[in-house]
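Visitor: Please take a close look at the salt bridges here, both inside the chains and between them. Give the cut-offs as you go.

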Amino acid sequence: MSFEFGAMKLGIKEALAWKFSLMLWIVISIVSIGAYYLLWSAIYGLSGQSLIAGYSFRELMTYFVMSEIVQTLTWNNVIMDLSQKIRRGSLITQLVRPVEFLHFDFWQHIGNRVMQFWIYCAPMVLVGVLLFGLKFTGWANLLLFTITAVLAVVLNFVLSALVGLGAFWMTEYHGIRWVYMGFHSIFSGFVFPLTFFPQFWQKIFSFLPFQYTIFVPIQTYAGKYGLLSVLGNMLIQLAWIIVLMIAITLIWRRAMKQFSAAGG
Amino acid sequence: MPPVKKRTALTTMLLMYSQANGLGKAMATAIEVRHLRKIFRTHERGAGLLDAAKSLFFRKYKTIHALKNVSLKVSEGEILGLIGPNGAGKSTLIKAMCGTLFPTSGSVNCLGFEPWRERVKYVANIGAVFGPKSLLWWDLPAIDTFEFLRELYDVPKEEFGKRLKKIITLLDIADVSKKPVRDLSLGERMKCNLACALLHNPKLVFLDEPTIGVDLVSKDKIRKYILEVNKEFGTTFVITTHDMTDIENLCKRIVIINKGEIIYDGLLEKIKSRYVKTKHLKVKLASPGKKFLLAGCKVELQNDYALTIEINLRNVSIESVVQYLLKNFKAADITITNPPIEEIIKEIYRK
């Protein structure tokens, strides 16, 4: 574990070096939840209903606060990092170290997220409670949420890594990244709950990995699932992680064969 | 991690003996490259907006033969200089030897590994610097990178502390390594890069332009350090550089590569004696003398205190020039220098 621990320490140190910009995320979150607050209070007011798609206004605000928190926790920079390292040829400096780059990057990322949790999430919970009426749904839900959120962090990492590998074949990757992020923010339930979609679409989303990175953890916290389906969801998360890891391993091998560092 | 081979005093002595006597060939082989070829396919496009738009639809592909049938052997404990003009294929060759490039054909054997097939296992035994590409974490002090490398290569703490202390003193980076890397100059970063490549005490080290952007004093420190590591641990080095002073100070043997082919592989001395047709004689005069006049000599400068002469070795021998000099002048100091090796390399490139 000495190496994994070392990589995590680097992630922690780096997060501390960037602590100011990490803290700024809180401001961004307050602004975007604030916008949702105004928008949805208008919608609830105009519709005259107390429940929309099964959500009370307060439940929906809890959803939005949690979605900001989970999105920040599961966020990663793998796609940009990989594509930049490939384009500039600096990946080669990682390839001469006796560890696969993504394996190292994962542990460094975990270290970074641990710090992000303390710098962003903990204060954000306070902000959520004070400004937006974030609901506490009980210790059992919190515990189950924690487990599924950790799985979501891993799942989103391997998902991004798989997408990032495309940069080995396309040098200019910014466009792809933006398109992916757009799809991801909707399919993952970041923008609004997936239950707002028609049944047909919800069915499709359940066959894709995206909802398991944000939507499912939030719903687990909200207590929308029975214990059995919570455990079922965790198994699906695990299955996705394994499938994507196998895909990454195979594609990485092919990528290495055709990789030639640019420049020099 | 593979165990680090410990050298006994005897093997070190034997090694030093064999190096001192130019018996490198009898040593075990660290690197063997055979008939290596690498063909890249890139698309080319002209300058300007119109050409950029055109290239979206019609792509002209160009095949580049980066390496054409390169064969090369490097013995354990050798410091090999790899030189050649820009785009000659030096870096491609280094990448293939580091395991980060799959060649089109041919074979490479480094320390018993086929580098690109067993890359992760193999690179635990090597260190590498790739010119200005940073091996360090941009927003952290270099010392954090060093600490991570200790954990990555699983070096015992005490041993590592000793090595780090030595490297920090020799390269003079005690203060530098505590500042965030983004605040360092290129030269300072290069010294830290070198430390990264050597801290785990690898058996084989590839240095692609290790002295780029480094000032003269630091260059000297880097060279001394490389020589010391080579002497103490028998570490094998492959070095590319455009600074011929590096080569002259470090390497006994050089390989010159041009357009993907090796055009010279042999002792530096030999190439010098083959291509060096002139020498420079600088004399400090104790008292003014008459005009220097000797066949085969070109007077570049003569005044009351100094005299500089270019000697053409084809027409006159050093001995006779010196004899003539001592007979006719009162010399306070005499130095004889070779033309810089750049001149020699230029001569070979031209062919």
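Guide: A salt bridge is counted when a side-chain nitrogen of Lys or Arg lies within 4 Å of a carboxyl oxygen of Asp or Glu. The model is predicted, so local features need pLDDT of at least 70 and side-chain atom pairs count only at pLDDT 80 or more, while totals for chains, interfaces and linings use all residues. Residues are numbered from 1 along each chain as its sequence is written, chains are lettered from A and ligands numbered from 1 in the order written, and side-chain values use heavy atoms, without hydrogens or water.

Over all chains, the rule gives 20 salt bridges. One of them joins A:Lys224 to A:Glu59, with the closest N and O atoms 4.0 Å apart. The two residues are 165 apart and link distant parts of the chain: A:Lys224 is in the loop between helix H10 (215-222) and H11 of chain A, and A:Glu59 is in helix H3 (residues 57-74) of chain A. Helices here are DSSP runs (H or I, at least four residues; strands are E, at least two), numbered from the N terminus. A:Lys224 has 37% relative accessibility and therefore counts as partly exposed, as does A:Glu59 at 26%; buried means under 20% relative accessible area, exposed over 50%, and partly exposed in between (1.4 Å probe, protein chains only).

In chain B, B:Glu147 and B:Arg150 form a salt bridge at 3.7 Å, N to O. Both lie in helix H5 (residues 142-153) of chain B, three residues apart, about one turn of the helix. B:Glu147 is partly exposed at 24%, whereas B:Arg150 is buried at 12%. In helix H6 (residues 157-171) of chain B, B:Glu159 and B:Arg163 are four residues apart, also about one turn, and their side chains meet at 3.0 Å, N to O. B:Glu159 is partly exposed at 37%, and B:Arg163 is buried at 16%. Salt bridges also link B:Lys219, B:Asp220, B:Arg223, B:Lys224, B:Asp243 and B:Asp246 in a network.

Between chain A and chain B, the rule finds three salt bridges. One of these partners, B:Glu151, pairs with A:Lys9, the closest N and O atoms being 2.8 Å apart. On the side of chain A that touches chain B, the elements giving two or more residues are helix H1 (2-17), helix H5 (91-95), helix H6 (101-132) and helix H11 (227-258) of chain A. H1(A) gives the largest share, nine residues.
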